[in-house]
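Here is a short briefing on a protein model. Look at the structure first, then read the points by topic.

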Amino acid sequence: MEQTVYPLAAMVGQKTFRQGLLLAAVNPAIGGILVRGEKGTAKSTMVRALAALLPDIPVVRNCAFSCSPEPGADRCPDCRLRFPQLETTIRRARLVNLPLNVTEDRVAGGIDFPRSLQRGKVVFSPGLLASAHRGLLYVDEVNLLDDHIVDLILDAAASGENRVEREGISFRHPARFILVGTMNPEEGELRPQLLDRFGLCLEMAGAKELEERVELMERRDAYDLNQDGFCGEYQAATDQLAHRIAQARALLPKVRIGANLRGFIGELGRENNVAGHRADLVMEQAAKALAALEGRLEVSAEHVRVVAPLVLIHRRRDAQPPQPPPPEPPEPQPPEDQPETPDQDQPQPEQNQEENQQPQEREAQSPEQQPQAENQEQPSEQEAREEPSENQEQQAANNRDEQLFEVGPAFKVKPLTAVKDRIVRRGSGRRSRSRISQKKGRYVKSSLQTNNDIALDATLRAAAPYQRQRACDDGLAVHLTRQDLRGKIREKRIGNFLLFVVDASGSMGARGRMAASKGAVMSLLLDAYQKRDRVGMITFRRNEAFVNLPPTTSVDTAGRLLAEMPVGGRTPLSAGLAKSHEQVRNYLIRNPTAQPIVILITDGKCNVALGERKPVEESLHLASALSRDGRIRTIVVDTEEAGLVTFGLAQRLAGALEAQYFKIDDLKAEALVNIVRGQQQ
Amino acid sequence: MNIRPIYPFTAIVGQDKMKLALMLNVINPGLSGVLIRGEKGTAKSTAVRALADILPEIPVFVDDPYQLDPNEEYDSYLDIRRSLQLAPPEPGKQPQVGMRKVRVVELPVGATEDRVVGTLDLEHALKKGEKRVEPGILAQAHRNILYVDEVNLLDDHVVDVLLDSAAMGVNTIEREGISFTHPARFTLVGTMNPEEGELRPQLLDRFGLCVNIEGIQAAKDRVAIMERRAAFDLDPEGFAAQWTAESTALADRLLIARALYPQVQVERPLLFEIAQYCLDVGVDGHRGDIIMLKTAKTLAAFDGRTETESADVQTAAELVLPHRVRRQPLMEIADNIQGLRKRALAAH
């Protein structure tokens, strides 16, 4: 069914994006494009427009695997047998869509149900990877795809071949395609391995210029009113673009790159600290493609410079932070040890809000720490934002306003796994294996219950012995009865996720509290590593919340971040809550039966609001919004000093969150683990 | 058995914004649907079901489960018959065509993916050894209205499927050994109670218009609601009959607007106004601009004009932008767009 596509030539703006698409079309060896951008930026539309421009390819007639008739090319078993007697025809390179609801057997191929029944033996039915061979495989919302489907595609993309070993089938066929994925980063990031497999990464954002926006509106409206007419207007431009691609493709094998430029590429890779060498290879291929598009036979430095950002943006890592010098315990100086001047009466502009809420401040001991920290905060406000990588400068700055606390002693934690049971769950994840009720997950065994998910191989095996008795001449090779039917049991991992939300404001820096909290977190991290749990960490201080660690199983990164986490500044609790909600929500989208636990370590004294309301009010409001999702369990660890006057803000917060509440003073590191364990049961 | 008449659309008290949003979508299905957000008991579901009253008629093939358009989609019709291995229509003889009212197809909350998308007709395959596709709800919804109640409680997989089809206008089935595509252009109308949680930003963006509604405050109107409902419950046919004249008048007005829409013009300065509005309040991408343009034109057509005016743009903004404004995750959806714009401009 031909669908009119909005022509690529009619697209407004987005020059980098268009160039990236052309590069991938010219040179499939680049290995695929990932398109990232906010919603409503025509990502999908443009990719489909590209597919319409791809040059035609010669194929073997009626071959479901799009085999090439060229000598020396890889072919499916059937075509291999018949070579060189192959009927050929020319057709357009195909665009294959991978819908989100796709099942594994449709991607890799599975049993051809009707033919198997007719012939009485298992016949292979090619999947989407077969149709996409020598074409374009388009995965919309690639970050929402099931992990095992993603693995399938990755494997094929990497090896150029699809191997199927399942349900009594053993088959392999070539599968080389341009992989294009789109994603909206709001819905969560991709795993780093998957990111690396995409050759180029193109970012898209909405246009800021008024003229551009108006132009875009006009064109879209014209297209919607009269699709064929609109495409007709741009036909000449479209043809020209297609011609350019075809010419560039022809020129590509002749393009040369000098050794010095290869050195340049290597240097770029090193400077940006990319993992592995794929970036270098891709950069070379992309530069060659660009040269070919421009009609040049020699790659120039300019070509490399132009493609470098597209290749590096999703692979660049921050430089490894130098190891912090061995025990230089930065002498945790609780602010109360510093000279306390009786200048609490001096109104500081930022404190006004705080003072409004906490009128007893002058008398209480603990809140005084905050103004002190803030006094020092001011001069450092102009300082460069700290990065974990710039430790040297940070040490100097830290001694002034921020404190670094070493991690308290770690310990071995008791096992926290969920027991593997027979409960059938829905969802996906990485931790405990669970039987799964939806038609997702690997087929592990068959059972007598059919639940709409028929296991054909087991069914046939069950029916086999009775075939002779049931034989009659209605044309069917196999006769099934109700009793023969067998259903599939599928298995998938269900995840567990611990999100630490740590208050890193100045008020936390007292009396080794920070060190103790860090110790507990570290221990849990170590345990999580062994159990392949996911952990994440969010800290909030000054004006915002930072996701220090998105859901990951990488404990060394977590450990490093933990050790270097600075403390100081005001308390943007609402921002911390909002950020944690965002992280947990994204996690739950992909793993609906996960049981995330949010561990909030704070004293509740927030003084920075996100919106118009007062900070405490706002944080309580957000907290009750958070508590609505019954899947999220929260623990609040109160770090407020026990003293004559306490504000109990963290307690109120725990109430609003419907969370378990603990004071850190009567909390040993072991106890924290028990609490978490208790929550998991 | 007599089917109980539906509560008439024109008999609903108040909630003008919601009614307007629904009517605009009837005039121009290209507006991509309405999301109705509101507390319980505000006639959300009643209004959508009542729409059936005032919907126009469309031509369809008789006994075609895929609701294809005989004028525009004849090729697709043939393609589908071929891929389903059904007999093609006899040469020279046209398949039967009839007129039928646009329907409101309901998607129940517990719907599973296979029921929505369509799947292999397993019984047929087992018995006859032939592949046959069982059309799903999306097939029924083509060129009709798909109504999803409690859209924020939908299963993620179903949501993804809806997103896909709503975006591209086709439904692709790639599962269990079948590969099948059919057109699926429907007007998506969703209702939800925000207390139960928000929608994913992507799904939110796919709804063209968004309306926040609350219970009516005026005592007079509350009394009217009670009276009318009581009258309806007592004698549904009689009550419905009382409102027939108004319903027919409204249906005609919508038909005229539908015919008028292709002729509506927009002056360039208004386009700039739209773009500026979107930039001021801060929206992601360009969908906001495009839909605002279409909505403004539809409003003009509804009013019987062929020239769009600035007032149309302002009204369109109220309907199109509230759910697109960029905001922090837990913050509420903007209620007053004009106010938001003023604040945003003042902040600069």
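Buried means under 20% relative accessible area, exposed over 50%, and partly exposed in between, with a 1.4 Å probe and protein chains only. This is a predicted model: local features need pLDDT of at least 70, side-chain atom pairs count only at pLDDT 80 or more, and totals for chains, interfaces and linings use all residues. Residues are numbered from 1 along each chain as its sequence is written, chains are lettered from A and ligands numbered from 1 in the order in which they are written, and side-chain values use heavy atoms, with hydrogens and water left out.

- Helices (H or I, at least four residues) and strands (E, at least two) are DSSP runs, numbered from the N terminus.
- β1(A) runs parallel to strand β11 (residues 200–204) of chain A, and five bridges join them. Two strands pair if DSSP finds at least two bridges between them.
- A:Gly37 faces A:Met204 in β11(A).
- Strand β10 (residues 178–183) of chain A also pairs with β1(A) in the parallel sense, over four bridges.
- Here A:Arg36 stands opposite A:Met183 in β10(A).
- A:Ala42 sits in the loop between β1 (33–37) and α2 (43–51) of chain A. A:Ala42 is partly exposed, with a relative accessible area of 34%.
- A:Ala42 and A:Met11 are 31 residues apart in sequence, and their C-alpha atoms are 9.1 Å apart.

**Chain A overall**

- Chain A has 25 helices and 23 strands.
- Of its 681 residues, 55% count as buried.
- Chain A exposes about 30900 Å², and carbon and sulfur atoms supply 49% of that area. Accessible areas come from the Shrake-Rupley method with a 1.4 Å probe; for residues, only the protein chains shown count as cover.
- Among contacts in chain A with a separation of 6 or more, 78% come from residues 24 or more positions apart. Contact means heavy atoms within 4.5 Å.

**The six-stranded sheet of chain A**

- This open sheet has the order β19-β18-β17-β21-β22-β23 (chain A), with mixed pairing.
- Its edge strands are β19 (544–552) and β23 (660–663) of chain A, and each pairs on one side only.
- Neighbouring strands are turned by 15 degrees against each other on average, direction ignored. Axes are lines fitted to C-alpha atoms, for helices over the stretch in contact, and angles run from 0 to 180 degrees between N-to-C directions.
- Strands β21 (residues 597–602) and β22 (residues 633–638) of chain A pair in the parallel sense over six bridges. A:Ile599 stands opposite A:Ile635 in β22(A).
- Helix α22 (residues 573–590) of chain A packs on the sheet, touching β17 (497–503), β18 (534–541), β19 and β21 of chain A. Its direction makes about 25 degrees with that of β19(A).
- Helix α24 (residues 649–657) of chain A touches β21, β22 and β23 of chain A, at about 175 degrees to β22(A).
- α22(A) is mostly covered, with 14 of its 18 residues buried.

**The five-stranded sheet of chain B**

- This open sheet has the order β4-β7-β10-β1-β11 (chain B), with parallel pairing.
- β4 (104–107) and β11 (209–213) of chain B stand at the edges with a single partner strand each, so one side of each has no neighbour in the sheet.
- Strand β1 (residues 34–38) of chain B runs parallel to β11(B), joined by five bridges. B:Leu35 has B:Cys210 as its bridge partner in β11(B).
- Helix α1 (residues 16–27) of chain B lies across β1, β10 (187–192) and β11 of chain B, at about 160 degrees to β11(B).

**Aromatic pairs**

- The whole structure holds 13 aromatic pairs over all chains. Rings of Phe, Tyr and Trp (its six-membered ring) pair if their centres lie within 6.5 Å; planes under 30 degrees apart count as stacked, over 60 as edge-to-face and the rest as tilted.
- The ring centres of B:Tyr7 and B:Phe232 are 5.1 Å apart and their planes are at 80 degrees, so the pair is edge-to-face.
- B:Tyr7 and B:Phe232 are both buried.
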